[in-house]
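Have a look at the structure, then read on.

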Amino acid sequence: MRRRASLVLLSVAVFLAAMAPTLRWYVFPRVAKVPSNEYQVVALEARPATLLDYSTLKAREVEKITIVQTLKGNVEESKRIERGTDRDVVVWDALSYVMGPDGKMVSKIPERYVFDAHSQEPVNVPGATVDGDRVTREGIEFKWPFFTEKRDYLYFDAQTRTSAPIHYAGTRTFRGLEVYYFEQTIPWTRVPMPKTMPIEGITPELIASTGLTRWYTTKRMFWVDPVTGAPVNGEEVHREELRGAKALMGTDTVTVFAGHVKMREDFIAATVDLVSANRVGVLLLASYLPWSFAVLALLLLALALWLEHRSRRPAPAPVPGAGPGPRPAPEPVTPPV
């Protein structure tokens, strides 16, 4: 009976030992992915900020500028691209919508971001755009890979349509989570005019005909959960200028927008809660279950060996005085002579 139990325990131990690396290195890379129907809205604010007043063509300080960033998964487009790439693909239709203190639109830049659902690497196919312009991406955008490493990454900048390193700058604690802090600085760069302007009738072509050019610089900061690769907070020190404006405005450079953009507090709290919940599922497949299976396999193996050892031990010798032992064989009787 003991030998049968030890064989059963040994079989279970072998199964668990095989499942531990299988979960981590085979199941997890295939199961962990960004869902194609993701929908997120984040509001950011710059308080105070400098904003160009297009009625006077002069920059003025305002109480706040609000930026609403929307990410919406395009499921139908994801399926269409997957049929031609043989990959799990996610398509995000993003919109960065900037509002002044009066709630009126300052600018809006739509974007279509196509990337691999598992690795977050960009998938450069027709339809990947920024403000209607076809782009070829390198590196990540919006989200880091699962199990983010302590190293620099290439990060795509939608304003310049180029990628540049975003630097790992240390491990920090943010709202109870251990996060990796990243920084990227984009130097002054000439960038295209937005296709949608805040005043009707003014087009990028009309502005370009006056000799005006748009320039931009930013310092970008992210606090990233290393397990899910999701940023739990983001900030930008942002500045835009129109240059070559002396003939039109009396000065060569006019500030279009300047401010320190931060996530609104209610959206930070909601993001931290969402990431904290999602990281449990990631850790379950990548760490908790594989390690639990490995430890349980060792315990079952030890128990199986112990039972096998007990089943092979000889029967104990009788102890004197502990009870009647086996009767001795009768001696032969010698008949009298």
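Arginine 24 sits over the face of phenylalanine 147, 5.3 Å from the ring centre. For a charge to count as over a ring, NZ of Lys or CZ of Arg has to be within 6 Å of the ring centre and within 35 degrees of the ring normal. Keep in mind that this is a predicted model: local features need pLDDT of at least 70, side-chain atom pairs count only at pLDDT 80 or more, and totals for chains, interfaces and linings use all residues. Residues are numbered from 1 along each chain as its sequence is written, and side-chain values use heavy atoms, with hydrogens and water left out.

**Charges over rings**
- Arginine 151 also lies over a ring face, that of tyrosine 153, at 4.0 Å from the ring centre.

**Ring pairs**
- There are 16 aromatic pairs, counting rings of Phe, Tyr and Trp (its six-membered ring) with centres within 6.5 Å; planes over 60 degrees apart make a pair edge-to-face, under 30 stacked, and the rest tilted.
- Tryptophan 92 and phenylalanine 115 pair edge-to-face, with 4.9 Å between centres and 70° between planes.
- Tryptophan 92 is in strand β5 (residues 89–99) and phenylalanine 115 in strand β6 (residues 105–116), so their pair ties together parts 23 residues apart in sequence; strands are DSSP runs (E, at least two residues), numbered from the N terminus.

**Burial**
- Tryptophan 92 is buried at 3% relative accessibility (buried means under 20% relative accessible area, 1.4 Å probe, protein chains only).
- Phenylalanine 115 is buried too, at 1%.

**Cluster**
- Ring pairs join Trp144, Tyr153, Tyr155, Tyr168, Tyr180, Phe182 and Phe222 into a cluster.

Note on methods. Helix = DSSP H or I, 4+ residues; strand = E, 2+ residues; numbered from the N terminus. Buried < 20%, exposed > 50% of the residue type's maximum accessible area, 1.4 Å probe, protein only.
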